[in-house]
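Let's take a walk through this structure together.

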Amino acid sequence: MQGQIEEASYDVLVIGGGIAGGEAALNLANNGFKVLIIEKDLSIGGKMILLSKVFPTLDCSACITTPKVSEISRHPAITIFTGSEVQKIIKKDYNSFEVEVLKNPRYVIEEECTGCQLCEQACPVIVKDEYQFNLVGRKAAFIPFTIASPKVAAIDIENCTLCGACEKACPPKCIDFTQEKEEYRIKIKSIIIATGFKLFDPLMMPRYGFGLYKNIITSMQMERQLAPTRPFNTILRPGDGKVPCKVAYVLCTGSRDATIGNPICSQICCMYSIKQAQLLMGALPMADVTIYYLNIRSFGKGFEEFYEQAKGMGVNFVKGKIGKISELENGNLMLRYEDINENKVKEAEHDIVVLSVGVIANQDTAALFPDEQLKLDSFNFINQPDPLATPARTSIDGVFVAGTASGPMDIPDSILSAGSASSEAMSYLIQKK
Amino acid sequence: MEVEKGKTFKYLREKREVSQEAKDNLKRFNQIKKTILDLLKESDLTIEQLTQKLNMPKNEVVFYLMSLVKFGYVQTGAIDEMDEYFSYKLKK
């Protein structure tokens, strides 16, 4: 770690550079406020930038996200720290906070990297690509994904063998292994928490066999397979490379289930599964897609029509609760389920099973305030004391919440929530002047 | 220590030891890559055929083979008559 601590000041700190954080930052910057975005990942764009298409319009997700991300990156009033973490937030007086930020080394001089990927080609190391949800490999010298912002290489130092191949291949000589962690102490007037959500880890439900049976995947793994920047040339089973013909979706994996500690509905799983089913029928015209559900919650604008459209396309909907999934010798999977309409226990064989994993609260933010209490609700999302009148307000004066940090919601609702957070932050800043 | 631009890896090598796991991972990948590429030099193969020759779990073959496709060493060939399994060939 470098000895010196750099000091700076901004009007608003936005924690999290996903779609909600980015939208809130843009609104504030367009109104003349100086904004700092702290993003723990190597690129802004959050989970949305990794999606294939959005429901119910089936618009290309990258086509919506990329111009927005580009606008955020190039805005003169927005500073972005990627690969960085907020360590501590101290409220100093009635209208200011002191924030300690740790910036992890990227081992690449960001301003000089051209994104040519020659370092990636030269690197001999291969590890699991977390941006493709471990379906394929990436190098230790890598650009996170094609539409990453910033499109700058990074070195995965834990897996790097320090062979120097990347440095030799780099035309602008921007790889710099002398970089160290940097500490910043930043004065801030207001904070927006946009730390998003975590996906449920299906390893917590051993009866589904995720991890044990290689042809059971998560919905994010299927999402990547359906995206234009997909890991394989087509949809394949990761267990043996077979093009699947019979696909099953298991809804409410990690949602509406008190036994795993998450009794609430994740609000997005029904619709993203229906979206994926429609996209699968386009990618694999002969495929037979079955969705096992408890209730289909198509509550938003155009959602019910989207659900009916999927049924019209031939997606099979079975109201059933999955008891157990077991693997057959040929890698196929046997689903044992209760058919709720017929009140019978049945079995069905599928080539691949997609677990529609739910939304879990990201609880990390509460610990950032040692002197104040950032209250959480009973499901560990950030509490909104007055959700009807001031939906972005939190238990700490001057700290606001945007997007799924306050609860499960879809992309349009996250953007609306970000609009609310930025408006409330602006109002707060004007009052405290 | 004076650090020459373009050779900064030497600086970090002095300060930090590369983990045994990273070294083993590289060694294993190089072996698998060489074997897969040698096998594909002889003929186009499916994942099933590669699995038998490599004596590795099928899911690992998929992972390494798809990574070699991604990095431009291998390309996808024809699909079988049942439209189930692709064959893979060296990229020329």
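Start with A:Lys275 and A:Glu223, whose side chains form a salt bridge at 2.7 Å, N to O. The term covers a side-chain nitrogen of Lys or Arg within 4 Å of a carboxyl oxygen of Asp or Glu. Since A:Lys275 sits in helix 6 of chain A and A:Glu223 in helix 5 (residues 219-226) of chain A, the pair ties together parts that are 52 residues apart in sequence. Helices here are DSSP runs of H or I with at least four residues, strands are runs of E with at least two, and both are numbered from the N terminus. Side chains of opposite charge can pair when their charged atoms come close. Over all chains, the count comes to 24 salt bridges.

Before going on, a word on what you're looking at: this is a predicted model, in which local features need pLDDT of at least 70 and side-chain atom pairs count only at pLDDT 80 or more, while totals for chains, interfaces and linings use all residues. Residues are numbered from 1 along each chain as its sequence is written, chains are lettered from A and ligands numbered from 1 in the order in which they are written, and side-chain values use heavy atoms, with hydrogens and water left out.

Now follow helix 6 of chain A, residues 269-283. This helix lies across strand 15 (246-253), strand 16 (288-293), strand 17 (316-327) and strand 20 (352-357) of chain A, and its direction makes an angle of about 170° with strand 15 of chain A. Contact means heavy atoms within 4.5 Å; axes are lines fitted to C-alpha atoms, for helices over the stretch in contact, with angles running from 0 to 180 degrees between N-to-C directions.

Those strands bring us to a sheet in chain A. It is an open one of seven strands, in the order 14-20-15-16-17-18-19, and the pairing is mixed. Strand 14 (216-218) and strand 19 (344-350) of chain A stand at the edges with a single partner strand each, so one side of each has no neighbour in the sheet. From one strand to the next, the twist averages 40°. Two strands are said to pair if DSSP finds at least two bridges between them.

Let's step through part of that order. Strand 16 and strand 17 of chain A run parallel and are joined by four bridges; A:Thr290 has A:Asn316 in strand 17 of chain A as its bridge partner. Next, strand 17 and strand 18 of chain A pair in the antiparallel sense over seven bridges, with A:Ile325 opposite A:Leu335 in strand 18 of chain A. These two strands form a hairpin with five residues between them, and A:Gly331 in the turn has a positive phi of about 90°. Then strand 18 (residues 333-339) of chain A pairs with strand 19 of chain A, antiparallel again, over seven bridges. Here A:Leu333 is partnered with A:His350 in strand 19 of chain A.

Most residues other than glycine have a negative phi, and most peptide bonds are trans. A:Tyr107 is not a glycine, yet has a positive phi of about 65°; look for A:Tyr107 in the loop between strand 7 (96-103) and helix 3 (118-122) of chain A. The peptide bond from A:Phe55 to A:Pro56 is cis, with omega near -5°, and A:Pro56 is in the loop between strand 3 (53-54) and strand 4 (59-60) of chain A. A cis bond also joins A:Ser149 and A:Pro150, with omega about 5°.

Over in chain B, three strands make an open antiparallel sheet in the order 1-3-2. Strand 1 (45-46) and strand 2 of chain B are at the edges, each with a single partner strand, so one side of each is left without a neighbour in the sheet. Strand 1 and strand 3 of chain B are joined by two bridges, and B:Leu45 has B:Tyr88 as its bridge partner in strand 3 of chain B.

So how do the chains meet? In all, 35 residues of chain B are in contact with 42 residues of chain A. The area buried between them is about 3300 Å², with carbon and sulfur atoms giving 62%; buried area is the accessible area (1.4 Å probe) that two parts lose on being put together, summed over both. Five salt bridges are counted between chain B and chain A, and B:Lys15 and A:Glu180 meet in a salt bridge at 3.4 Å, N to O.
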